[in-house]
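Reader: Can you walk me through this one? Keep it quick.

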Amino acid sequence: MAGAKLTPSPSEIDPDVKTEATKSSEEPTWVNPSMPIRTMGSFGSDAGQRVQVEFYVNENTFKERLKLFFIKNQRSSLRIRLFNFSLKLLTCALYVLRVSLDDPEQVTGVCVNCQNRTSTTAESTESTEINWELIFWVNRRVPVWAIQVIVALISFLEAMLLTYLSYKGNIWEQMFQISFILEMINTVPFIITIFWPPLRNIFIPVFLNCWLAKCALENMINDLHRAIQRTHSAMFNQVLILICTLLCLVFTGACGIQHLERASNQNLTLFNSLYFCIVTFSTVGYGDVTPHIWPSQLLVVILICVALVVLPLQFEELAYLWMERQKSGGNYSRHRAQTEKHAVLCVSSLKIDLLMDFLNEFYAHPRLQDYYVVILCPTEMDIQVRRVLQIPLWSQRVIYLQGSALKDTDLMRAKMDDAEACFILSSRNEVDRTAADHQTILRAWAVKDFAPNCPLYVQILKPENKFHVKFADHVVCEEEFKFAMLALNCVCPATSTLVTLLVHTSRGQEGQLSPEQWQRTYGRCSGNEVYHIRLCDSKFFGEYDGKSFTYASFHAHKKYGVCLIGVKREDNKSILLNPGPRHIMAAPDTCYYINITKEENSAFIFKQEEKDNKGLPVAGLYDAPSRLPVHSIIASMGTVAMDLQNPTDPPEDSSKLTLPTENGSGSRRPSIAPVLEIADSSSILPCDLLSDQSEDETNQSDEESSSVSDFVKGYPPNSPYIGSSPTLCHLLPQKASFCCLRLDKGCRHNSFEDAKAYGFKNKLIIVSAEMAGNGLYNFIVPLRAYYRPRKELNPIVLLLDYPPDNHFLEAICCFPMVYFMAGTIDNLDNLLQCGIIYADNLVVVDKESTMSAEEDYMADAKTIVNVQTMFRLFPSLSIITELTHPSNMRFMQFRAKDCYSLALSKLEKIERDKGSNLAFMFRLPFAAGRVFSISMLDTLLYQSFVKDYMIPIARLLLGLDTTPGSGYLCAMKVTEEDLWIRTYGRLFQKLCSSSAEIPIGIYRTESHMFPSSELKDGYPQSQVSINVEDIGGDDQRDNRSESWKEKTRTHRMSTTSESEHPLLRKKSLQWARRLSRKNTKPPSRTERFSQQRLNLYRRSERQELSELVKNRMKHLGLPTVGYEDVANLTASDVMNRVNLGYLQDEMNDHQNTLSYVLINPPPDTMLELNDIVYIIRSDPLAGPNVPEDPAQGQSSGGGRMRQDFGTETRDETHL
C-alpha cells in the first residue's frame, strides 16, 4: 500500500504472527512505507528504536492460508476438486464391486439366527412378502469395507474442513445444504463401523456419491476456467450439466432398484436394473423387466417425478442458451483457425446490401474460395441477413459472431490473431458521422493492440479522422474519394462510372444476351480491370525491355489488346501513371495494365491475319471475333483465349495511315507518326511549368489575359485537415477576403450580388451540400490543379444549407473563382441567384441529415424529387447526383410511361439472378455518369486484399495524390476534323506519338429512338424501319461524300437495320424525323390527332415552367436574357445538347440519348463524332516528352493535327 497504515492492537494480533512493537508507547505509531525509516527522538524514551510493521497480517493466519490453498488459489483449488471428484467416482466403483460380489443368501448382521424366518421355499415363489433384512443388510467383504472406510474418512475430513473454511456465521445454513447431508450419509456410517464391528454389513447408499461427483465436476470446470484464463461457452457447460444429471438419475435408479429388489423373490442384476431405467426414462416401456415389490415401485415413481421436474428445467436452460448462441454466433475454434484461412469483418451494424457487396466481391477472386469470413457485429443478426446466411452457398463460408471488437474475449472468439485480414467498416447511415468515425478508430486500435500482425483494412468517413488510423495497411476515406470523383465528373464525364467499373470484379458477361448492341458492347468492356505483373515474367510486355513506356503501351495494345497505364520501379514504392517516353522499361519493373483478365489466366494463340477478312467491311465492336484481341472467355476455367495479330513487324508503308482525299483532289495530309522506341532526348526541351509560359495565354485577348494573369501556381497555404496530400494548384497572389467569397452579397471590395454581375467567361460548376465539411476541399483541388489550363477554369459556387465556418473559408480563400452562398436546391430563388442558368454542371451531394430514415431506402426521397424538379425547370443542365442507396438510381429522371426504362429494369433483374456484381450498370443514369453512390466504392477496399495497388492507383486517377513523374486523368472530345483517324487503335498511336498520352476508354453518347408501347421478350423493339438507299441519299445531300465515310456509314446502318433495336447516329432532329417518315405504314388520322394534342399539352407545360422561372428572375432583379426556353432552342442547339447527353424528354417523347463508358475498347473500334476519350496525360513538370517530327511540322496538315491534339485538345478536354 502506498499510504501509511495503523499498527494493529494487541488483541487483533494473531499469536502465531511474530511482531516487534514498542511496549512503552500506547499511542499508535504511523509509518509511511514509501519513506525511509528514521529515528524518532521526539516520541519519548524509545527514541532511536526501529519499528517494523507488517501489513496484511490477517492473511497470514492459519485459516486464511488454508482458505487460500483450498478455495482462493485457482490451481491448488483445481487439484483439490479433481482429487475430490476422483474419490467420489472411486466410491461409486466400490459400490458396483460390492454389488457384484454380494450374495443375499450369505447376509449376516445383527439378526443372524433369524435366517430360518427369511428363507423362502420353492412352493412360495408367488408370494409377495418383503424380506426387510435383505434391504438393511448386505454382504460386504473385509477388503472392500477397509477401502470404503478409508475413502469415507478422507471425504469426511475434507467436508468438515471446507465447511469450516466457508463458515460465515450461520452454522445451520452450512448443515442443511444437500451436499453436506449427502456427505454425512455416505461417510459417518462407515466411521461408526470402525468402533462397532457388528454394523460393518449395514447397507449404506454409497451410490448417492454420484451427485456429489456431479457437483465436484462443475466446480472443477469453473476452477479450470479461472486457472487457464479461458472460457468455454455456456452452451458447453449446460450440455455437460444435462448429461451428468441424466447419468446420475439413471445410476441412482439402477442401484436403488437393484438393491430393493433383493427383498423380493426375483432378484434383479445391476445390468437388468440399468436396462429397466433406460427403457423407462426413454418412455419406451417394453415391460419385460419390472419391479415386483412396492418399495422399488415407489422409488421408480420418485425418480420419474424428479426427472419430470429437473430435466425440463435443464432442457429449458439449454434451449435458451442455444437461442442466445444463435444470436451471438458461438465461437470460431482455434483448431479451425490454425488449419483454415479466414478474414474478419467488423461492422457496427450489418445490412443486407453491405453484406452481399462484400461477399460477392470477396469471393469473386479464385484464390479466396477456400477462405472463411467471420463477421463480428455488436448487434443482433437482422432477419434478412439470417435468411441469406442460411443459404448453403454462404452457410458453409460465413460465421456470424455477435460481439464487440473492443472486447478481447470477442476478438478471441473470432481468432483475430490468426486472421489473414480484418476489414473495419464505418456505418455511413449514422446521423452523426463523426461519432461513427470515432467508433471505427477505437475498433482499429483495439484490433491492432490485440493482433498487431493482422493486416488492417479501414474505412473512414471524414478526412480529418484519417490520420488516427494511418498505421493501417489500407485506408479508404469516403469523403475524399467522393468529392474528388464528383469534381472530375464535371470535367471528365462519367468518371464515377469509369472508376466504379474498374474496381468491380466482372467477367464481362453482362448483357451479352441482349439484342441491344450498346448493351453488349458496354457489358463486354465493363469486364476490364487493373492487373499487375513483373516485366520479366510477362509475355505482354517482356519484349519491350529497354524500350520507352509509351512504345510499350502502344504496341501491347495493338498486339494483345491490353492497355499499359502505369509502372513501378523495383527500388521505388511509388506507382507512376504514364511516366512518359523518358521512362525506359526494365526487367524488374512492375507493370500495371487494364485487361479483361490477368495474363496468368490467358492462353496465347499465334496466327497470321486471315485472308478471308480482307474483303469484308469493318464490323462493329465484337461483331467479328476473328479480329478481336480477346475473342472468347472460358468462364468455368477463368481463362481468356487471345487472338494475337501478326507478330511480325508491318512494312513501313503500312504504318502510314492516310486520310481521304478532299474535294476529289489527290493531295493527302501526312499520316500518323510511329511511336519511337526511345525518346530523342536531344529534341526534348526543358519545361518550366511554374512560369507563365503555357498555351493558356496563347490566342487570348487582352481582356482574357488580364483576367487570368493574376493567377499563380503553388501549394495551398492552408489545409483544412491533417493528412491531405499537397497538390500544386492555381492560386491567387493574395488571399481573398472572406466577404468577397460570398456570391450573393456585395462588400466594400465589390458590389456584385449575383453570378451574372461577375461576367464569368466559363460556365459555372454549382455544388449543393448541407454543410462545408473538410471533404469539400477535395472537390476544389482537382478543379484547380496546376495541369488544368487557366482559361478553362470553371467558377465554383458552393450552395450550402448552413454557412461555412472561418476555418473552411481560410482554406479556400486562396483559390481563384471559388464562392459560396447560403441556400438550398429546393428554393428556386437560391438557384437563380447562384447562377444556375449560367452553369453547365450541378453537383448534388448527399446530405448527412437525410442518410438515415425509418424506412431504409427512403433516405434519398427528398434528393430525388428535388433533382427531378430541377430537371424539369432546367433541362439543359447536367445534374450529377449522389445517392445513399444505389438501387434508387432508377428513379432519376423518372418517366412513368417510359417502356425502355421498364425493359432495362427487367434486364437488371435478369443480370442479378445470374449473380452479377454490376446488375445496376445498365441503368441509364449510371451508365451516363449522372448518378453516383459512395457505397459503389466499397469494393475498392475489398479488392485491396488481393490487389494492394488499387487504392494508390485510384487516388492518382482522381487527383488525390500527386507523385512526381506520374500522369493524371483528363478527357478529349472527337470533332469532325478528327474523324479521319477512324479507329481507336489509330487514335492510340496518334496520342502516343504526338503527345505521349495513353487513352484508356471512350465515353460515347448516341441518339436513340425509343419505342413508346411495344415490348418483346423484355427488350424494346424499334418501330422505325430504315432503308439503306434512302440513308445514302440523305448522306449525299449532307456534304459528306467522302468514300470512306460512306462505306462506314452504310455498313453501320445496314448492321443496325438487321438488329431488332437500331441505334441511330444522326446530325440533326430534322434528319431523324425524315427517317421516321419513311415508315412503310403511315399513322392513322386518329393517331395523328392524338399526337398533336399530346404535343400541345406538353408544350403548354413547358411554357408554364418557363414563365415561372422568368417571373422569379424578374422578381429578383435578374436579367432573363440568359434563360433559354427549350421550345426556343434551334436545331443545332438541340443536337449539341443531345450529343452531350443533357437534353432528355424534350421535343419528342421517342427521342432520347444513350451515354455509356467503354473501358479499353479493341483497337478496331470505330470513332464517332462527339466521342469523349479518357486519357492519362504525362506529368507536365517533366517537360515535353516527345519531339515534334520535323517532316510533319513543315506541312500545314501536320501542323493542324498537332494543334488539334496538342494545344486545343488540352483546352477542350475539360468539358
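Reader: What does the pLDDT average for the protein?

Author: The average is 74, and 70% of the residues score at least 70. pLDDT is the predictor's confidence in each residue, from 0 to 100.

Reader: Where does pLDDT stay under 50?

Author: Over residues 1-45, which have 36 contacts beyond four places in sequence in the model. Contact means heavy atoms within 4.5 Å. Residues 608-668 are also below 50. Where pLDDT is low, the predicted coordinates should not be read in detail.

Reader: Next, α1. Which residues are buried there?

Author: L66, K67 and F70, in a helix spanning residues 62-72. Buried means under 20% relative accessible area (1.4 Å probe, protein chains only). Helices are DSSP runs of H or I, at least four residues, and strands are runs of E, at least two, numbered from the N terminus.

Reader: What covers them?

Author: The cover includes α2 (74-101) and α5 (142-165).

Reader: And the sheet: what's the strand order?

Author: β9-β12-β10-β11, open and antiparallel. Two strands pair if DSSP finds at least two bridges between them.

Reader: How many bridges join β9 and β12?

Author: Six. V530 stands opposite I594 in β12.

Note on methods. Residues are numbered from 1 along each chain as its sequence is written. This is a predicted model: local features need pLDDT of at least 70, side-chain atom pairs count only at pLDDT 80 or more; totals for chains, interfaces and linings use all residues. Side-chain values use heavy atoms; hydrogens and water are left out. Buried means under 20% relative accessible area, exposed over 50%, partly exposed in between (1.4 Å probe, protein chains only).
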